[in-house]
Amino acid sequence: MQKECKAMIKTKSIRNINSKYIFFSIIILGAIFSILQCFHINLWFDESYSIAIANHPFNELWTIGSHDVHPVLYYIIIKLILTITNGSIICVRIFSAVPLIIMGILGYTHIRKDFGEKAGMLFTLFSLFFPPCIVYASEIRMYTWAMLFATIMVIYAYRIFKGSGKINKDWIIFSIFSLACAYTHYYALAIAFVINIALFIYFLRKSIKNRSKNGGFYVENLKRGIISAVLQIIGYMPWLVVLMGQVSSTDSFWIGVPDFLDILEFQFTGNLGDLLHIPAFLSWPFTIIFVIYIIYMLKKYWKKEEIKPAKMLLSLYGAVVVFIGIISIVKLPILFARYFLTMTGMLILMIVILLSVDTNIRRVIAICTLTVIMSLVANINVINDNYDQSNSKPMEFLTSDLQEEDIFVTDNVGSGFVLVTEKQIPYDRVYFWDRSHWNVQEAYKAYGKTIWDINDLKDYKGRIWVIGSGNFGLAEAVNTELEDTTILKQEYFKTKYKSYEYAMTLIEKN
């Protein structure tokens, strides 16, 4: 009997060691896979805004950021990274891949403990190889970090719900990451709001239902939930004032009528509009397979206790979408596919729970293999776009004849902002000619000065780089409306990175 026990312990230890090696292998391979696309300095408009605002002093960053459409925590963090790394864009890109690696580690440290080894391993795999995650692994924006914060918040909300952890510690961690969500992205704020409300309602109902019994667990957690909510509101108060001002002053928004098929495809592939990292003939079958699989598994196991967490996640996901939808209808349109990346951690966790209870091993292997293949296709296309030689041509044209006193004029298309940010041109040499009267001058202080009439530069003498997109209309307007000007040279460039176009003109004003 003693020998049998020793053999069982030894076998279990070997299995645990092997499992650990598999986890670590997936994490290491996934980390390498996700950062392969990071080693370039190309920017597109949103990324240029992240870098530009982060280069301002902290007090200006907060003020300018209060006129942006996102909170400022991410900008503050990358300001620190830029300071530490001497302005390295590549380091900031790698920083965006870090949340995927942390989520992969969470598969081993958290999901494995809460939902079993199979679910943990699948979560690690999907965190590092799910196409939308890979597509945004190097994006200099807050999406991957908002996704990570929301995922950690969900994990600890579930632990609080189950009462399976150290409850005070769980509430503290939940509260911290709930607040981090709110300061990182407004979709993450919506997730935090819905989950806080869900926990409050759950513990309130249980407290009332069990008041005549031993309902101490529910009452204590109801109290903790109220304390947590109060502390979160206090912690968010500095930005809550900003948010209320943004909501009350917003009378228009750049997001149009939502395309729900775009949103659906994006959640599984990372494709958005014309940016097809996975060809449509592959992306849509892949999306449909996942949707069918989720519906099939939910229907088949609906009454099974094992998929209860997946049903809860689906309900929370749906509640967030409804909440955002109501805001879009009542106040301003904010339904946009890219923002759904903040919710992808919830989607991944729901999928892996369903996969972990699926007894058809071939089907599980097929879905995992298909996911890795689609992620490989996406990453190859992203890498090809990121490192294409066409991307460096506009900057080469600029730097070949750049003089220290040159100024820059760009317009609402924003291509010029990309180049001046990449080159780190001082703000006092950059002018945003708001020809379309967007009324974004406060937010665009991240780049430089706003002018509404090009004749504001009538007293300037020297060279002007006019950078537009698609055609030379901006340069023609500058050359026509300003007196005593001469076009020295101009050239048009089309790049692979985000399909950006640059119509660059150098004008001499006497």
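This is a predicted model: local features need pLDDT of at least 70, side-chain atom pairs count only at pLDDT 80 or more; totals for chains, interfaces and linings use all residues.
Q: Which residue places a side-chain oxygen by the backbone nitrogen of Leu261 at the start of α12?
A: The backbone nitrogen in question belongs to Leu261, at the start of α12. A side-chain oxygen reaches to within 3.1 Å of this nitrogen, and the residue that carries the oxygen is Asp259.

Q: What is the phi of the residue that follows α12?
A: α12 is followed by Gly270. The phi of Gly270 is positive, near 85°.

Q: How many helices and strands are there in the protein, and what is its radius of gyration?
A: There are 19 helices and six strands. For 510 residues the globule rule gives 24 Å, and the protein comes close to that, so it is as compact as a globular protein of that length. Its radius of gyration is 26 Å.

Q: What box do the C-alpha atoms of the protein fill along the principal axes?
A: The box is taken along the principal axes and holds the C-alpha atoms of the protein. Its dimensions are roughly 95 × 45 × 40 Å.

Q: What percentage of the contacts with a separation of 6 or more joins residues 24 or more positions apart?
A: Buried residues make up 53% of the 510 residues. Among contacts with a separation of 6 or more, the share from residues 24 or more positions apart is 74%.

Q: What percentage of the accessible surface belongs to carbon and sulfur atoms?
A: The accessible surface of the protein is about 23500 Å². The part of this surface that belongs to carbon and sulfur atoms is 63%.

Q: How far apart are the mean positions of the positive and negative charges?
A: The protein has 47 positive and 40 negative charges. The distance between their mean positions is 22 Å.

Q: Is Lys498 buried or exposed?
A: Lys498 sits in the loop between β5 (485-494) and β6 (501-509). Its phi is near 60°, a positive value in a residue other than glycine. Its relative accessibility is 19%, so Lys498 counts as buried.

Q: What is the relative accessibility of Ser499?
A: Ser499 is also found in the loop between β5 and β6. Although it is not a glycine, Ser499 has a positive phi of about 55°. Ser499 counts as partly exposed because its relative accessibility is 43%.

Q: Which residues does Glu306 touch, not counting residues up to four places away in sequence?
A: Glu306 is in the loop between α13 and α14. With a relative accessible area of 46%, it is partly exposed. Not counting residues up to four places away in sequence, Glu306 touches Ile353 and Val357.

Q: With which residues is Ser228 in contact, leaving aside neighbours within four places in sequence?
A: Ser228 lies in helix α11 (residues 216-249). It is buried, at a relative accessible area of 3%. Leaving aside neighbours within four places in sequence, its contacts are Trp171, Phe174, Ser175 and Asn196.

Q: Which residues does Arg112 touch, not counting residues up to four places away in sequence?
A: Arg112 belongs to helix α5 (residues 89-115). Its relative accessible area is 24%, so Arg112 is partly exposed. Not counting residues up to four places away in sequence, Arg112 touches Phe23, Gly107, Glu117 and Gly120.

Q: How far is Leu370 from Phe286 in space, C-alpha to C-alpha?
A: Leu370 is in helix α16 (residues 361-386) and is partly exposed, with a relative accessible area of 26%. Leaving aside neighbours within four places in sequence, Leu370 is in contact with Phe286 and Ile289. Leu370 and Phe286 are 84 residues apart in sequence, and their C-alpha to C-alpha distance is 7.9 Å.

Terms used. Residues are numbered from 1 along each chain as its sequence is written. Side-chain values use heavy atoms; hydrogens and water are left out. Helices (H or I, at least four residues) and strands (E, at least two) are DSSP runs, numbered from the N terminus. The radius of gyration is taken over C-alpha atoms; the globule rule is 2.2 Å times the number of residues to the power 0.38. Buried means under 20% relative accessible area, exposed over 50%, partly exposed in between (1.4 Å probe, protein chains only). Contact means heavy atoms within 4.5 Å. Accessible areas come from the Shrake-Rupley method with a 1.4 Å probe; for residues, only the protein chains shown count as cover. Lys and Arg count as positive and Asp and Glu as negative; His and the chain ends are not counted. The place of a charge is taken as NZ of Lys, CZ of Arg, CG of Asp or CD of Glu. A polar contact is a pair of N or O atoms within 3.5 Å; within protein, one must be able to donate a hydrogen and the other to accept it, and residues adjacent in sequence count only if both atoms are side-chain atoms.
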